[in-house]
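This briefing covers a helix pair and a barrel. Please look over the sequence and the structure before reading on.

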Amino acid sequence: MPRPIHLGVNVDHVATIRQARGTPYPDPVEAALQAEAAGADGITMHLREDRRHVQDADLARMAAGARTKLNLEMAATDEMRDIALRLRPADACIVPERRAELTTEGGLDVLRHRARLADLTAALTAAGIRVSLFIDPDPAQIDASADVGAPVVELHTGRYAGLAGMRGAMGAGSPAADSGGGFAADSAADSAGDSGADSAGDSAPESAGDSAADSVGDSMGDSTGESATDSSCDSASNSAGNSAGDSAGDSMVDSAAESAEFQREWSALTAAVSHAAAAGLIVNAGHGLHYANTARIAALPDIHELNIGHAIVARALTVGFPCAVGEMKRLMVEARGGRHN
């Protein structure tokens with residue numbers, strides 16, 4: 001029986017939409033609870049230094065109301081360490097952060113910052129928080145991550161995703177956006193998502209459990225509503241699945257996927273996964289993953305969890321959050337060789 005594959009849903013860009021207008025909606029915690037109800041195994045939130053999307057109040061509400069687990073993406077700063085120690089999320093993924101970047105541009109340099117990351121990892125671990133380091137698929141960085149005591153690495157898949165292109169990114173009917181520059185298209189999409197202002201959205205509902213749970217109930221409906229929702233989600237999932245391909249091997253169908261550069265990146269990524277697993281680390285991955293390039297990663301048996309945000313939020317604009325999450329989880333499970341219920 002294949003190992004299970006887990007989906008962490010990043011809801012940062014729900015908050016991005018809210019911050020663009022300074023309204024109390026849409027609520028990222030509501031979206032997170034819908035994602036959990038639809039099959040997400042965890043929720044990821046990145047509290048950035050400049051608070052460009054997720055706000056402190058969002059994080060506190062999610063920490064109190066999560067039904068699965070909260071994974072806090074955080075920079076290696078004293079401020080973020082103190083917030084993590086106060087809220088005690090299940091997981092904390094330490095990521096590099098630059099104020100000017102549109103989205104996280106690469107992995108941590110664990111070799112260079114070994115002492116700092118060792119101290120931070122020890123502090124979080126002592127508080128019962130499982131630490132992950134977000135790194136490039138580089139054996140030297142993997143070994144350094146193990147040396148500083150992190151039990152988990154999350155491999156940066158941005159270069160793989162960029163070389164794979166954008167065709168089929170949003171399921172059946174989505175435009176072919178490769179034009180020799182999938183990476184540029186990915187960057188542009190992130191730019192659009194991250195353009196929100198810093199206006200605080202803290203006037204969102206105080207009770208994550210009540211307002212978000214009610215919203216989940218409303219969106220999923222009673223037995224009649226569930227039937228309609230299931231039907232539409234099944235249809236959408238079939239479209240996404242067909243677009244992504246019938247197997248992990250078929251998920252990369254455009255010419256970019258067969259380029260020598262792509263093959264080099266794919267080989268480096270798969271070697272890094274094997275290297276990390278052999279070192280006794282839990283291996284997660286994420287960045288730039290969408291409905292057409294995720295199956296190939298999910299099929300790797302040593303991958304434990306994929307963290308995906310922008311593509312799911314974008315897809316949800318068309319089919320709704322429960323369907324968007326369900327589609328992604330389904331294609332991941334099927335790529336792993338399992339059966340999606």
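The model is predicted: local features need pLDDT of at least 70, side-chain atom pairs count only at pLDDT 80 or more, and totals for chains, interfaces and linings use all residues. Residues are numbered from 1 along each chain as its sequence is written, and side-chain values use heavy atoms, with hydrogens and water left out.

**Helix pair**

- Helices (H or I, at least four residues) and strands (E, at least two) are DSSP runs, numbered from the N terminus.
- The axes of α13 (residues 310–319) and α14 (residues 321–336) cross at roughly 130° and come within 7 Å; axes are lines fitted to C-alpha atoms, for helices over the stretch in contact, and angles run from 0 to 180 degrees between N-to-C directions.
- The contact (heavy atoms within 4.5 Å) involves Ile312, Val313, Arg315, Ala316 and Val319 of α13, and Phe321, Cys323, Ala324, Val325, Glu327 and Met328 of α14.

**Barrel**

- Eight strands close into a barrel in the order β1-β2-β3-β4-β5-β6-β7-β8, with parallel pairing (two strands pair if DSSP finds at least two bridges between them).
- From one strand to the next, the twist averages 25°.
- Strands β2 (residues 42–46) and β3 (residues 70–74) run parallel and are joined by four bridges.
- Leu70 in β3 is the bridge partner of Ile43.
- Helix α5 (residues 114–126) packs on the sheet and touches β3, β4 (91–94) and β5 (130–135); the direction of α5 makes about 170° with that of β4.
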